[in-house]
Amino acid sequence: MKKIALSLLFVFTCLPWLARAALTIEITQGMDGAVPVAVVPFGTGANRYTPPEDVSAIIAADLARSGRFAPLPVQNLIARPVEIGDVRFQDWRTLGVENLVIGKVEPYGDGQYRVQFRLFDVFRGRQITGYSLPAPADGLRYVAHRISDIIYEALTGQPGAFATRIAYVISETVNGKKTYELQLADSDGYNPRTLLSSVQPLMSPAWSPDGRKLAYVSFENRRARVFIQDIASGKREELAAFSGINGAPAWSPDGKYMAVTLSRDGNPEIYSMRLSDRSLKRLTNGPSIDTEPVWSPDGSSIVFTSDRGGSPQLYRMSVQGGRAERLTFEGNYNASADFAPDGKTLAMVHGEGGKYRIATQDLDSGLLRVLSEGSLDESPSFAPNGSMIIYATEDGHRGVLAAVSSDGRFRQRFSLQQGNVREPVWSPFEKRE
Amino acid sequence: MKLVLKLMMALAVVWLAGCSSTGGGKGDVAVEDRSDTGMEAGAGAATTSGVGDYGALTIEALNDPNSPLSQRVIYFAFDSSEVAEQDRPLVEAHAAFLAANPTVKVTVEGHTDERGSREYNIGLGDRRAQSIRRMLEFQGVAPNQISVVSFGEEKPATEGHDESAWSLNRRVELVYVGY
């Protein structure tokens, strides 16, 4: 199949009032059959001013990043309609555009805006949907992403995952000294925020199901401990500081339990901790390394990595512990599982022939499919709509992030301007007031 | 013959350790141990040359670049936590030192190369560190002198993405606390 390689670069802009991107996103493998759409620059109503964000550019970039849409470059737009009455569908049909998005951003009281948009089916000549959304000045990017979500769902039937965030770990060597940061950013790489900075390693970030907290492992004071940090306030509490390993935190889907790996009883085992009273229940028991627990979305089982069979493989047990069933049989290394939101597929790191790649396995059929192409790929994380998997990879000698669509046909890369980025985790769907 | 000698030595340590109940007792065990090790050292392991001399087990030996105690890193094969035959005398030298100085504490740090999952590598680093810890305790070091931490792949000794770098990262480091 002929691949159309799009190379859209969303770079750090010099314009001071636009938000800063931490991560540059580059599409490295485009998709055949991406639907041509036109996203017209939004008007500003009767006012002459420049809004703090280019809402239509954010929407176009979101749609392009999904891999399923190919927005026309702005310079190829033959008209700039703002109101429904300005639209001449015939113009857009001649361009081969299937869908048209128009809108406007108007000031509305004290530092607030109203964003209006309409989505059209060009061939039928009809509006599909349209909304008017309020936005504070610092919430315009979020509203733009919400609009992308609405458009995506109207056109594909699936919820969009643009108004979401990713958390990740950065490591950088400055003057010979290594520093680590836990950071989060919008899923398009903008609005980076550092949650924690340390001179000792940070690992294994995990979003709470309500998206308000992150659990992580920190090696402050040269020993591993699990913390939970509230994102808005920055306040954190220590969750596990037992003797030995404290690692791999994983929230249960109802947010009431945290599975963790502890070696307090002699070797790494999986425990479930009830968060209300910190009581521990041990789920595995044996001389092997048992780690990386992850809960099924229905909360009934836990998949984990174990080398009880001689090499690291994925196993599944009930959330009560007990007998574990082996899930992976191909390759000599399978670890770092992540469940798709529908619970039917696992993403994992799959090692074969000395290469470590991201693969998915269908839980019903057992069919394994390798999705990535690197040799040291790790840490896969599904988007909350299941459409993409973000993961960590190497680009030359630097750690970068990459994303691949769940069918493997579409790829992109996220890189930092300096330093190494790894261990990405995609947030759940968010509801912001 | 060498194996039989080692087994006898091991048995001697176990039996004598069973007899002693105080820190002083352990010191005595170490003395017994050392003379046997000294004989073995004569068979060709250059790194143990300092072990037969009681003077080399003082605190000053820690800072002596000619002492075997200056070597603090043990390396491992891929996916393995087995201590190589040629590294055993080094571990024994550290064990003898610690056993003779019961107030000295050591942190045994386990590390791995970068391949594979980070959390699994925490487990693998721990397994390597536990191997060394067990050897130290077996040789008479008190459990409260040893703490273990695994950094997995998070603190490589050298950056690099090939076997020459990876082989330097698969290691256990002995870190003497306060020295």
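Two strands count as paired if DSSP finds at least two bridges between them. The views below come from a predicted model.

**View 1. An open sheet of 4 strands in chain A.** The strands run in the order β23-β24-β25-β26 (chain A). Their pairing is antiparallel. β23 (333–339) and β26 (368–370) of chain A are the edge strands. Each of these pairs on one side only. From one strand to the next, the twist averages 30°.

**View 2. The pairing of β23(A) with β24 of chain A.** Strand β24 covers residues 345–352. β23(A) and β24 are joined over 5 bridges, in the antiparallel sense. One place to look is Phe339(A), which stands opposite Leu346(A) in β24(A).

**View 3. Asn221(A) and Arg222(A) in the loop between β12 and β13 of chain A.** The loop links β12 (213–218) to β13 (225–230). Most residues other than glycine have a negative phi. Asn221(A) is not a glycine, yet its phi is positive, about 60°. Arg222(A) is not a glycine either, and its phi is also positive, about 60°. The surroundings of each residue can be read from C-beta counts. Asn221(A) has 9 other C-beta atoms within 10 Å, so it is exposed; the cut-off for exposed is 12 or fewer. Arg222(A) has 14 C-beta neighbours inside 10 Å and therefore counts as partly exposed.

**View 4. The contact between chain A and chain B.** Chain B brings 19 residues to the contact, and chain A brings 28 residues. On the side of chain B that touches chain A, α4 (118–138) and β3 (146–152) of chain B each supply at least two residues. α4(B) gives the most to this side, with 8 residues. By class, the side of chain B that touches chain A holds 8 charged, 6 nonpolar and 5 polar residues.

**View 5. Helix α4(B), from its first C-alpha to its last.** α4(B) has 21 residues. Its reach is 30 Å, close to the 30 Å expected at 1.5 Å a residue. Of the 21 residues of α4(B), 17 are buried, so the helix is largely enclosed by the rest of the structure. The cut-off for buried is 20 or more other C-beta atoms within 10 Å. Gly140(B) follows α4(B). The phi of Gly140(B) is positive, near 105°. α4(B) is also the element that gives the most to the side of chain B that touches chain A.

Methods
Residues are numbered from 1 along each chain as its sequence is written. Chains are lettered from A and ligands numbered from 1 in the order in which they are written. This is a predicted model: local features need pLDDT of at least 70, side-chain atom pairs count only at pLDDT 80 or more; totals for chains, interfaces and linings use all residues. Axes are lines fitted to C-alpha atoms, for helices over the stretch in contact, and angles run from 0 to 180 degrees between N-to-C directions. Two residues are in contact if their C-beta atoms, placed from the backbone, lie within 7 Å. Ala, Val, Leu, Ile, Met, Phe, Trp, Tyr, Cys and Pro count as nonpolar, Asp, Glu, Lys and Arg as charged, and the others, Gly among them, as polar. The expected span of a helix is 1.5 Å times one less than its number of residues.
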